[in-house]
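Welcome! Take a moment to turn the model around on your screen, and then we can walk through some of its parts together.

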Amino acid sequence: MTVTPPIAPEAMPIPRKPVEADRQNLVGLTRPQLRAALVAAGTPEKQAKMREVQLWQWIYQKGVRDFDAMTNLAKDYRARLKEHFVIEVPEIVTRTVSADGTRKYLVRIAGGHEVEVVYIPEEDRGTLCISSQVGCTLTCTFCHTGTQRLVRNLTAGEIVGQIMLARDDLGEWPELGRHPKDETRLISNLVLMGMGEPLYNFNSVRDAMQIAMDGEGISLSRRRITLSTCGVVPEIARTGAEIGCMLAISLHATTDDLRNKLVPINRKYPIAQLFDALRAYPKLSNSERITFEYVMLKGINDSDADARRLVKLIEGIPAKINLIPFNEWPGAPYERSDWDRIESFANIVYKAGYASPIRTPRGEDIMAACGQLKSATERSRKNRFQIAAEAGLPEPERIVRRPNAPDVH
């Protein structure tokens with residue numbers, strides 16, 4: 001049975017909530033941190049474990065944020081909790097719904113900064129794409145987020161809070177009195193493919209994912225969580241050991257010369273070093289393949305020779321290749337590869353024995369597709385000529401306007 005999330009108006013503004021500064025937010029605390037916070041607030045040591053479990057289930061399994069609704073806690077204890085703590089998630093500023101059902105949330109975090117979160121409904125799954133940083137420091141030249149300056153890392157609470165606010169909007173929390181497994185899951189998959197490089201915010205991402213995977217809470221399987229990295233080599237082994245989720249590599253080129261331009265972190269961790277780390281990834285197996293993401297850029301990285309080099313690079317690694325038609329954005333110095341060129345590339349990879357699905361662009365009409373995320377309040381003023389110059393790419397073709405023709409942005 002296909003589950004259809006409720007439809008919401010496009011770009012619906014949400015009233016801003018006041019910021020709580022004097023009470024600690026429980027969202028984002030790991031189990032040991034939560035227990036320690038309760039003890040510090042006066043919970044007897046002998047009760048701390050029990051109270052931790054009770055609160056964990058109310059917050060992450062049932063989605064309850066009002067201490068007064070936590071009916072298995074004594075009234076005087078609820079009053080104490082209210083004195084010391086809040087249960088808050090980031091606030092949705094706007095919600096935009098694509099013609100294909102994709103939802104993009106503009107989300108405000110502490111300090112007034114904003115990030116974007118995307119929900120993609122499909123017949124057999126619902127995928128939530130979340131962010132790990134405000135902006136990004138990697139400046140990948142095909143990525144809209146990469147043209148935005150890095151503002152700061154998100155906290156564990158701000159990361160797991162994105163899952164919680166999406167569940168709020170989708171009405172996914174179980175009804176009180178019902179076991180969560182009796183409910184239909186609209187968010188079945190989680191991808192760390194939004195704004196930022198997750199492995200440059202490792203500790204917060206790890207803590208948030210441990211909360212998301214906890215069986216007494218949100219309870220997402222680690223195999224339904226995919227972390228995408230541009231290749232922060234020193235943190236790859238830690239990801240397998242401390243998070244244990246599926247791994248995706250934002251590759252996009254098969255030579256160091258080109259990847260240095262498209263994905264500048266390659267200058268620090270070149271392809272050979274990256275692949276050494278991938279072959280040693282703790283979770284690597286035929287049942288847990290590494291996904292390689294490869295954006296298709298016309299005349300840049302889409303030749304048959306590129307496809308054959310790609311096959312050679314991944315030889316011996318259980319892998320699949322996600323081919324991503326480039327999603328254009330204002331000022332982009334690239335174009336999407338022609339469809340027959342993408343299919344030819346995919347066919348070479350497939351014949352070599354690797355799955356090579358071509359990702360269907362989703363949410364393009366609301367700038368929610370892969371590589372398009374960028375919060376409106378943090379947008380750079382760089383144009384496509386500046387972006388190309390900084391990347392060392394040929395200058396894009398200039399648009400010649402006819403007299404009295406409107407400007408093209």
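## Helix H8 and its surroundings

In helix H8 (residues 271–279), the buried residues are Ile 271, Leu 274, Phe 275, Ala 277 and Leu 278. Looking down the axis of H8, you will find these buried residues within an arc of 155 degrees, so they line one face of the helix. Ala 272 and Asp 276 are exposed, and they sit on the face of H8 turned away from its buried side. Please keep in mind that this is a predicted model.

What covers the buried residues of H8? The cover includes the elements in this table.

| Element | Residues |
|---|---|
| Helix H6 | 233–243 |
| Strand S11 | 246–250 |
| Helix H7 | 256–262 |
| Strand S12 | 290–296 |
| Helix H9 | 304–313 |

## The sheet

Strands S11 and S12 also belong to an open sheet of 9 strands, which has mixed pairing and the order S3-S4-S5-S6-S9-S10-S11-S12-S13. At its edges stand strand S3 (91–97) and strand S13 (319–325); each has a single partner strand, so one side of each is left without a neighbour in the sheet. From one strand to the next, the twist averages 20 degrees.

Thr 94 has Leu 106 in S4 as its bridge partner.

Conventions: Residues numbered from 1 in each chain as written. Predicted model: local features only at pLDDT ≥ 70, side-chain atom pairs only at ≥ 80, totals over all residues. Heavy atoms only, no water. Pairing = 2+ DSSP bridges. Helix = DSSP H or I, 4+ residues; strand = E, 2+ residues; numbered from the N terminus. Axes fitted to C-alpha atoms, helices over the stretch in contact; angles between N-to-C directions. Buried < 20%, exposed > 50% of the residue type's maximum accessible area, 1.4 Å probe, protein only. Arc of directions from axis to C-beta. Contact = heavy atoms within 4.5 Å.
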